[in-house]
Amino acid sequence: MDNKKNILCIIPARGGSKGVPRKNIRNVDGFPLIYYSIKALKDSGCISRIIVSTEDDEIAEISESFGAEI
């Protein structure tokens with residue numbers, strides 16, 4: 001019997017932020033900010049699926065390039 005659990009993680013990533021517009025794709029130490037959330041979840045080893053919920057096409061494209069589903 002397989003005891004591995006399916007764990008889904010959803011990252012909300014709006015394109016229109018009031019404080020810092022488009023912050024999710026702003027460059028932080030060489031990578032877009034959203035990269036660090038996706039990488040941390042992948043590195044944890046316990047997340048089955050990572051889905052980014054966004055209305056912004058550029059955030060979606062960047063997130064997919066780092067292995068997240070949209």
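This note goes through the cysteines, aromatic pairs and salt bridges of a predicted model.

1. **Cysteines.** The disulfide count is 0. Cys9 takes part in none, and its nearest cysteine sulfur belongs to Cys46, 9.3 Å away. Seen from Cys46, the closest cysteine sulfur is that of Cys9, and 9.3 Å is too far for a bond. A disulfide would need the two sulfurs within 2.5 Å. The surroundings can be stated for each residue. Cys9 is buried, at 17% relative accessibility. Cys46 is partly exposed, at 43%.

2. **Aromatic pairs.** The whole structure holds 5 aromatic pairs. One of them joins Phe31 and Tyr36 edge-to-face, with 6.2 Å between centres and 85° between planes.

3. Phe66 is partly exposed, at 24% relative accessible area. Ring pairs join Phe31, Tyr35, Tyr36 and Phe66 into a cluster.

4. **Salt bridges around Arg22.** The search of the whole structure gives 4 salt bridges. Arg22 bridges to Asp56, with 2.4 Å between the closest N and O atoms. Arg22 is in the loop between β1 (8–12) and β2 (27–28), and Asp56 is in the loop between β4 (49–53) and α2, so the bridge ties together parts 34 residues apart in sequence. Arg22 is partly exposed, at 30% relative accessibility. Asp56 is buried, at 12% relative accessible area.

5. **The second partner.** Arg22 also meets Glu58 in a salt bridge, 2.3 Å from N to O. Glu58 belongs to helix α2 and Arg22 to the loop between β1 and β2, so this pair ties together parts 36 residues apart in sequence. Glu58 is partly exposed, at 39% relative accessibility.

6. Asp43 and Lys39 form a salt bridge at 2.5 Å, N to O. Both residues lie in helix α1 (residues 33–44). They are 4 residues apart, about one turn of the helix. Asp43 is exposed, with 53% relative accessible area. Lys39 is partly exposed, with 35%.

Notes. Residues numbered from 1 in each chain as written. Predicted model: local features only at pLDDT ≥ 70, side-chain atom pairs only at ≥ 80, totals over all residues. Heavy atoms only, no water. Buried < 20%, exposed > 50% of the residue type's maximum accessible area, 1.4 Å probe, protein only. Phe/Tyr/Trp six-rings, centres within 6.5 Å; stacked < 30°, edge-to-face > 60°. Salt bridge = Lys/Arg side-chain N within 4 Å of Asp/Glu carboxyl O. Helix = DSSP H or I, 4+ residues; strand = E, 2+ residues; numbered from the N terminus.
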